[in-house]
Structure formats: C-alpha cells, structure tokens
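Here is a short note for a colleague who is new to this structure. The points below go through a few residues and their partners.

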Amino acid sequence: MVLKIAVLAAVVAAANAVAVGYPAAYPALRSALPYPAVAKVAAPIVGHYDPNPQYSYSYAVADAVTGDNKSQQESRSGDVVTGSYSLIEPDGTQRVVEYTADPVNGFNAVVHRGAVAAKVVAPVAKYAAPLGFHAAAHPLAHPLIG
C-alpha cells in the first residue's frame, strides 16, 4: 500500500514538473504546443471619452387588439439616469415605476399603482369544424337505439 502511494506521488510530481517546466525546459519543442507559451495582450483602444454622456429616449405601445399597453421614457445627464415606465397589469390596474440611478445613491425605484383602466379584451377567434366532419364518426353524437 505504501509503495502504491509513493508511486502515485512520484507520477503526480513528474506530471506537475513537466506541466510547469515543459516550455522552458524544452525550447525546441515549444513550437509543437497547441497554444503560444506567452499570451499576447492587445493594446487598449483609445477612443473618444465623453465626460458628460447624455441621451434621452421614450416609446409607447397601445394595441387594442392584443391589450398591450405600456410606455417608457429615460434620460441621462452625466452619471445621473432618471426615467419611468408604465404598464397595465392583468387585473386592469396601471403600474407606474419611476426610477433614478446615480453613483452616490445607486438605483432607486418608486412604484405607484393607478386606478383600474378599461380592460381591453382581445377578440376570441372562432373556428369552424374541419371539412369532412360527420356526426356518425362520433358514436356519442347519436342517441343509442336499442
């Protein structure tokens, strides 16, 4: 048992030494490695830095067919972002979320629930029976004669 542990330890040590010292110990075989011995780091891309970034956007959807009703607006000035979004909940109430984010206070949101909006129900498609349908194909469709 002790001999097995000693052999295992020797194999692990040899494998570890080969893995650590292989490229340096055998420079002639360095080109046979599937990867370069030294990783090259790309130089950072130096581009335009805007110390006061600004943007603003908004959108709204009001689809009477699907009942999808939502909106969002957001703006940024420097490191401060403010915005809000709203949507109609499944129960018909309106949810409005107003949020701000900045480096000092982090992200903060306040949720308001509005009054029940007029619930828009999507029309239900009506399907006709497939062609070739015959009640005789369904034995329960005819009264039992007996």
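1. First, a term: buried means under 20% relative accessible area, exposed means over 50%, and partly exposed lies in between (1.4 Å probe, protein chains only). Glu89 is buried, with a relative accessible area of 12%.

2. On the source: this is a predicted model, where local features need pLDDT of at least 70, side-chain atom pairs count only at pLDDT 80 or more, and totals for chains, interfaces and linings use all residues. Residues are numbered from 1 along each chain as its sequence is written, and side-chain values use heavy atoms, leaving out hydrogens and water.

3. Arg113 and Glu89 meet through their side chains in a salt bridge, 3.6 Å from N to O. A salt bridge is a side-chain nitrogen of Lys or Arg within 4 Å of a carboxyl oxygen of Asp or Glu. Arg113 is exposed, at 51% relative accessibility.

4. Arg113 also forms a salt bridge with Asp91, with the closest N and O atoms 3.2 Å apart. Asp91 is partly exposed at 48%. Glu89, Asp91, Arg95 and Arg113 are linked in a network of salt bridges. The structure holds 5 salt bridges.

5. Another salt bridge joins Lys70 and Asp68, whose closest N and O atoms are 3.5 Å apart. Lys70 is partly exposed at 32%. Asp68 is partly exposed too, at 30%.

6. Is Gln72 buried or exposed? Gln72 is buried, with a relative accessible area of 18%. Contact means heavy atoms within 4.5 Å. Leaving aside neighbours within four places in sequence, Gln72 is in contact with residues including Tyr57, Ser84 and Tyr99.
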